[in-house]
Every structure is written in C-alpha cells, then in structure tokens.
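Here is a short briefing on one protein model. Topics are grouped so that each part can be checked against the view.

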Amino acid sequence: TRKMSSERYLVYITRSDMPECGVELLKKQCDIKMWHKPSPVPVDEFKKSIPGVNAIFCALTDKINKEILDAAGPELKVVATISVGYDHIDVAECKKRGVKIGYTPDVLTDATAELTMALLLSTSRRLPEAQHEARTGGWVSWAPTWMTGPGLAGSTVGIVGFGRIGQAVARCIKSFNTSKILYFNRSEKQEAKEIGAIKVSFDELLSESDFVICCAPLVPETKEMFNKSAFEKMKNTAVFINTSRGGTVDQNALIEALKKNTIRAAGLDVTTPEPLPLDSPLFKLKNCVILPHIGSATIETRNTMSEISANNILAALNGTNMPAELK
Ligand code: DGY
C-alpha cells in the first residue's frame, strides 16, 4: 500500500478551506490529497479520490456511509470530522470495520452558546427586521410599541438537550434575570443543580416556556421531535430557537406554526436541507430569523477544531490516545 512504500500516511481532506493550522500539522507526517474547492466534494469525486487512504478529514457536509467506507478500503484507519455532531457518520459501520472516529466536542461549546444567545436575542428583539426598517425609511420616529418583542427578564426558558452546549446556554441566559430555567434530557444532569435548572417532561417544557431552545443532537429519538403537536403545546407567545440540527424539526409544521401564529417567532441556525433553498417559505416570514449554520464559527474555535481533527488523525495512525475519540 501507499503507506508501506513511502512510510508516510495518506490523508484525504474533503475541502480546500480546512483551517490551515490543522492541515500543516498533518503535513509533517502525512501526504495530503485534498478536494480542490471550498465546497463539499461531490460523492463520485469523493469515492474516486479515497481508495487506499489511511485517514479521511471531513466535515458535516460529507456523508460517511458504507459506500464511502467501501471506496476507501481496508487501509482506512480513522475518520475525523471537524464537528461535534456526527449524525453524518455511520458509526456502526465504522465500528464494524475498526475505523476510529474523531470529533471536536468541548472546544466549540462557548462559541455555539454565544451564537445561540445572539440568535435568540436577534429573534426576540427582532434585530434583522429593525435593521431593515432603519435602512429603508421605516424609522419614522421613536414609537412606543414599534419593534417591541418579549424580554428574557422574568421569563421561563426551556432547553431541550442539556449536554455541554445546553448547559452553557443556560449559564449565559441566567445573567438576563430569567425567572426559571427548565430542561428536558434523557438523563438527569448533575450540573443542573448548580445552574438552577429544573428537569421536566418534554410536554411540560413546551407548555411552560416563553423561550424554547433546541440543543439536542440529531438521533432517532430527537428526529422531528418539534412537530405539529409540539408547536401546538407551546405558548402562542413562545420563541423557538434551534442551533442543533435541522432534522430535529418538522420544518413544514414549523412553517405552519409561524404563519398561523401558533408560536410567535423562530430563530434557526440549522435547517432542512442546508443550504436552505432561496424559495423556502421560511425566508418570506418576518417572524423567522435564519442563519447559515454558523454556531461554532469563531475564528479561534474553527482553528482549534482543525487542530484537534489533525491530532485525532495522527494519534489514531500512530496508535496513541486520540484527543477526542467518539467511543
Ligand atoms: C458541529 O460541530 O456539529 C456544528 O454543527 C458545526 O460546528
């Protein structure tokens, strides 16, 4: 194989815009093959490029399934994704073949919590709409009820998925003098005590919360958990925020709920599909704020994610402990 003849590992990188610092780390021990564009590699091209590689450095835009693993073949030892989410990877299939998986938990928690707050406040205080008015002549004078939205102070916030990111969001939100923080999670979380968050059922969270924030990973149990019936259980004044995965939401049900004011507003950093087509009804709704999946997009965080991914690959290939292996 390539590795035996050259004594350097062969790594395939699925896009040309992976942050340099990670790529540089890899270059010390590996030969690099890289998709030449800053956009997802087409599946056919991907399959053609990976026979015999030892590692794949990918992103959440790349589906790592049986087909891809077959194309890579038995020399593949590790797949490293520059994300904490791994719903794009067939984990069972990797396990079966002894292919290790590296991901990037922890390092993006603060950045994602920060963006969740930014999106929540943009949605509740209507920032995109307000800016549009200011720029286009809608700002006629200060007006007592114009551009008003619900405040966080005194409100009840419900967080669905109380892992690292959900907890970080709860910590930020507390400083806005909320009255109650509720959470729904499959297991009870120790950290909740110190944060002052209360575990409730999903239904109770929906009916009690003024703000509902989804921070849950996409797994079979969370797929489209925000459906028609969930939106109907929410207050008609509720603001819904999603910074996890678009797949946790039945998007048609959300569109209906926003149109009929079943809920007040939604802020989405994630959609189905991504990118969201320009003709999506969501873009026509004033009570919906849409961001292009930028939760972890601070400069520092993306660099660190790239470095961890590279170190995950190097450790897996050298047989040492990976900094963040998905077990
Ligand atoms: C992740 O890491 O899963 C985010 O969606 C992108 O940073």
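**Helix packing: helix 6 and helix 8**

Helix 6 (residues 109–124) packs against helix 8 (residues 164–174) at an angle of about 55 degrees, and their axes are 9 Å apart. The model is predicted.

- The crossing of helix 6 and helix 8 is right-handed.
- Helix 6 contributes Thr109, Asp110, Thr112, Ala113, Thr116 and Met117 to the contact.
- Helix 8 contributes Arg164, Ile165, Ala168, Val169 and Cys172.
- By class, the residues in this contact of helix 6 with helix 8 are 6 nonpolar, 3 polar and 2 charged.

**Helix packing: helix 2 and helix 13**

- Helix 2 (residues 20–27) and helix 13 (residues 299–318) pack with their axes 7 Å apart, at an angle of about 20 degrees.
- Angles under 35 degrees count as roughly parallel, and helix 2 and helix 13 are therefore roughly parallel to each other.
- Helix 2 and helix 13 also make a right-handed crossing.
- On the helix 2 side, the contact uses Cys21, Gly22, Leu25 and Leu26.
- On the helix 13 side, the contact uses Asn303, Ser306, Glu307, Ser309, Ala310, Asn311, Ile313 and Leu314.
- The residues of the contact between helix 2 and helix 13 split into 6 nonpolar, 5 polar and 1 charged.

- Which order do the strands of the 5-strand open sheet follow? The order is 2-1-3-4-5, and the pairing is parallel.
- Strand 2 (30–34) and strand 5 are at the edges. Each has a single partner strand, so one side of each has no neighbour in the sheet.
- On average, neighbouring strands of this sheet are turned by 20 degrees against each other, direction ignored.
- Strand 4 (residues 78–81) pairs with strand 5 in the parallel sense, over 3 bridges.
- Val78 has Lys100 of strand 5 as its bridge partner.

**Helices on that sheet**

- Helix 2 lies across strand 1 (9–13) and strand 2. Helix 2 runs at about 135 degrees to strand 2.
- Helix 13 packs on the sheet as well, touching strand 1, strand 3 (55–58), strand 4 and strand 5.
- The direction of helix 13 makes about 170 degrees with that of strand 4.

- Strand 7 (residues 180–184) and strand 8 run parallel and are joined by 3 bridges.
- Ile181 has Ala197 in strand 8 as its bridge partner.

**Backbone exceptions**

Most residues other than glycine have a negative phi, and most peptide bonds are trans.

- The peptide bond from Thr272 to Pro273 is cis, with omega near -10 degrees.
- The bond joining Glu274 and Pro275 is cis too, with omega about -5 degrees.
- Where does Pro273 lie? Pro273 is in the loop between strand 11 (265–268) and strand 12. Pro275 is found in the loop between strand 11 and strand 12.
- Asp106 is not a glycine, yet its phi is positive, about 70 degrees.
- Asp106 sits in the loop between strand 5 and helix 6.

**Record annotations**

- The unreviewed UniProt entry places "domain: D-isomer specific 2-hydroxyacid dehydrogenase NAD-binding" at residues 117–295.
- In the model, the end C-alpha atoms of residues 117–295 lie 10 Å apart. This span is 31% helix and 16% strand.
- The unreviewed UniProt entry also has "domain: D-isomer specific 2-hydroxyacid dehydrogenase catalytic", covering residues 17–324.
- The end C-alpha atoms of residues 17–324 lie 22 Å apart, and the span is 36% helix and 14% strand.

Methods:
Residues are numbered from 1 along each chain as its sequence is written. This is a predicted model: local features need pLDDT of at least 70, side-chain atom pairs count only at pLDDT 80 or more; totals for chains, interfaces and linings use all residues. UniProt positions are given in the numbering used here, feature names are shortened, and annotations may be inferred rather than shown by experiment. Helices (H or I, at least four residues) and strands (E, at least two) are DSSP runs, numbered from the N terminus. Axes are lines fitted to C-alpha atoms, for helices over the stretch in contact, and angles run from 0 to 180 degrees between N-to-C directions. A crossing is left-handed if the near helix is turned anticlockwise from the far one by less than a right angle, and right-handed if clockwise. Two residues are in contact if their C-beta atoms, placed from the backbone, lie within 7 Å. Ala, Val, Leu, Ile, Met, Phe, Trp, Tyr, Cys and Pro count as nonpolar, Asp, Glu, Lys and Arg as charged, and the others, Gly among them, as polar. Angles under 35 degrees count as roughly parallel, over 145 as roughly antiparallel, 65 to 115 as roughly perpendicular and the rest as oblique. Two strands pair if DSSP finds at least two bridges between them.
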